[in-house]
Amino acid sequence: MSVPAIPAPAPALNPGKTKWFAFAAVAVAAAAFLLIALGGIGENLVYYWGPKELRAAGDKAIGATIRLGGQVAIGSVRPGDGVSNLEFDVTDGTGTVHVVSRGVPPQLFRDRIGVVVEGTMTRNGTFQSRRLMVSHDNRYRAPGDKDVDVKTLMRSTQGLDEAPVPRAAATPAVKPQVGD
Amino acid sequence: MTTRLESWAPKALVALGVALLFVGSFWGLAKAPGEVFMGDVQRIMYVHVPTAWNAMLTLTFAFVCALFSLFTNAWKWDNRLEAAMEMGVILSLLLCMQGAIWAKPTWGVWWDWDPRLTTTAVLVFAFGGILALRAFVDDPVKRAVWSAAACIVAFVDVPIVYFSVRWWNSLHQMQSTPETVSKAFHWPLRINAFGILFLWTGLVALRARVAALRLRSEIAPPVPEAPEGKSAPTGARFSGGDR
């Protein structure tokens with residue numbers, strides 16, 4: 001069977017009309033984009049708080065389910081009481097929150113790695129984490145790279161790269177002995 | 001009428017894409033070194049990142065098709081729109097799945113509702129929804145106009161996915177640049193990116209041809225064996241209401 005050319009039927013709507021569909025759709029899309037980009041939706045769309053914002057929330061943070069994000073402070077990791085509990089400080093360079101976490105941490109967990117912990121603030125000022133997530137930065141290094149710099153290598157949360165470097169930043173971080 | 005070029009070029013693109021994916025994946029899995037901290041887990045990057053680039057590219061092509069479809073009313077743009085949106089949904093879904101596989105050993109979770117992940121999931125559902133809309137509308141003209149308009153609106157999520165890691169706190173890291181990725185990882189990434197590009201381009205061309213053939217049967221149904229004394233009015237050809 002020979003395949004005839006596909007007919008190009010004139011649509012029922014003429015081009016002049018469908019053009020307005022395009023203009024209207026583009027207008028809606030542009031308005032939505034501008035609203036999201038410039039409309040301050042970020043104020044209401046918060047994935048995690050930094051230590052400073054968590055402190056600022058005060059008593060409101062107690063009992064509420066919150067995500068806290070930041071960097072694991074140098075040398076702060078130590079085994080907590082219990083079998084797989086873990087205690088460490090989360091810092092953003094300006095504020096620090098002590099976190100008590102349950103469960104085995106992801107294998108990338110180490111000093112200066114970015115973390116997002118989900119849990120709640122307790123009355124004694126420590127954050128009780130139910131869920132520990134590790135975030136990594138956008139750097140990918142091969143073992144033999146000439147330009148590997150321990151300091152930049154250890155900067156693990158992109159948000160913190162612009163922030164003041166936390167204390168003892170020059171100390172080469174070593175993988176902490178995490179109680180498991 | 002399909003010319004010779006139209007008949008073999010898409011298949012050649014598919015073959016080239018698959019070949020490049022073999023080369024790039026072999027390079028990435030066997031030749032390139034593992035990442036300093038992540039080790040072998042990082043190797044999923046060689047499909048995840050090219051999939052992300054191409055998902056954005058496919059949906060951008062769908063957006064362009066939607067505009068051309070509405071401005072020119074040429075059916076070929078509607079056929080390409082359908083093909084591109086299907087490919088965009090497939091790539092976005094693959095992107096989420098690959099991301100989950102990468103996230104479990106690195107972040108410690110398969111999924112979390114962070115801005116990057118959430119907006120990417122929205123891509124899957126938005127464009128999947130438009131495909132469902134197309135499946136439900138029988139009139140080819142209404143289908144073309146409505147889905148093109150919906151595609152233009154849904155496309156707004158594509159730049160939001162891109163900027164999500166810049167605008168908001170997220171678990172997902174920011175975009176890497178060639179400076180932040182070791183040179184040892186560049187070639188497998190590039191090769192696989194072009195592999196997926198050629199693969200989807202070829203598949204979209206083939207799928208658009210299928211859409212064109214279906215459209216032809218819709219707008220010019222076979223003449224009934226025994227015409228009931230009246231010839232089919234030309235105006236009824238595009239109504240499609242009886243289908």
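Residues are numbered from 1 along each chain as its sequence is written, and chains are lettered from A in the order in which they are written. Because this is a predicted model, local features need pLDDT of at least 70 and side-chain atom pairs count only at pLDDT 80 or more, while totals for chains, interfaces and linings use all residues; side-chain values use heavy atoms, with hydrogens and water left out.

Let us begin with confidence, given as pLDDT (the predictor's confidence in each residue, from 0 to 100). Chain B averages a pLDDT of 89, and 89% of its residues score at least 70. Residues 232-243 of chain B stay under 50, and the model gives them 12 contacts beyond four places in sequence; contact here means heavy atoms within 4.5 Å. Where pLDDT is low, the predicted coordinates should not be read in detail.

Now turn to the interface. Chain B brings 54 residues to the contact and chain A brings 55. The size of an interface is often given as the accessible area lost when the parts come together. Between chain B and chain A about 4900 Å² is buried, with carbon and sulfur atoms giving 68%; this buried area is the accessible area (1.4 Å probe) that the two parts lose on being put together, summed over both.

The rule finds 16 residue pairs in polar contact across the interface, both residues being at pLDDT 80 or more. A polar contact is a pair of N or O atoms within 3.5 Å; within protein, one must be able to donate a hydrogen and the other to accept it, and residues adjacent in sequence count only if both atoms are side-chain atoms. On the side of chain B that touches chain A, helix 2 (45-72), helix 3 (75-106), helix 5 (140-154), helix 6 (157-167) and helix 7 (186-219) each supply at least two residues. Helices (H or I, at least four residues) and strands (E, at least two) are DSSP runs, numbered from the N terminus.

The interface also holds two salt bridges, a salt bridge being a side-chain nitrogen of Lys or Arg within 4 Å of a carboxyl oxygen of Asp or Glu. One joins the side chains of B:Asp112 and A:Arg131 at 2.7 Å, N to O. B:Asp112 sits in the loop between helix 3 and helix 4 (115-136) of chain B, and is buried at a relative accessible area of 4%. Buried means under 20% relative accessible area, exposed over 50%, and partly exposed in between (1.4 Å probe, protein chains only). Leaving out residues up to four places away in sequence, B:Asp112 touches several residues, including A:Tyr47, A:Glu118 and B:Leu171.

B:Phe61, in helix 2, is partly exposed at 27% relative accessibility; beyond four places in sequence, B:Phe61 touches B:Arg80, B:Ala84, B:Trp200 and B:Val204. B:Leu203, in helix 7, is partly exposed at 35%, and its C-alpha atom lies 9.2 Å from that of B:Ala84, 119 residues apart along the chain.

Finally, consider the backbone. Most residues other than glycine have a negative phi. A:Arg112 has a positive phi of about 70°, and B:Asn73 has one of about 60°. A:Arg112 is in the loop between strand 4 (96-101) and strand 5 (114-121) of chain A, and B:Asn73 is in the loop between helix 2 and helix 3 of chain B. A:Arg112 is buried at 5%, and B:Asn73 is buried at 11%.
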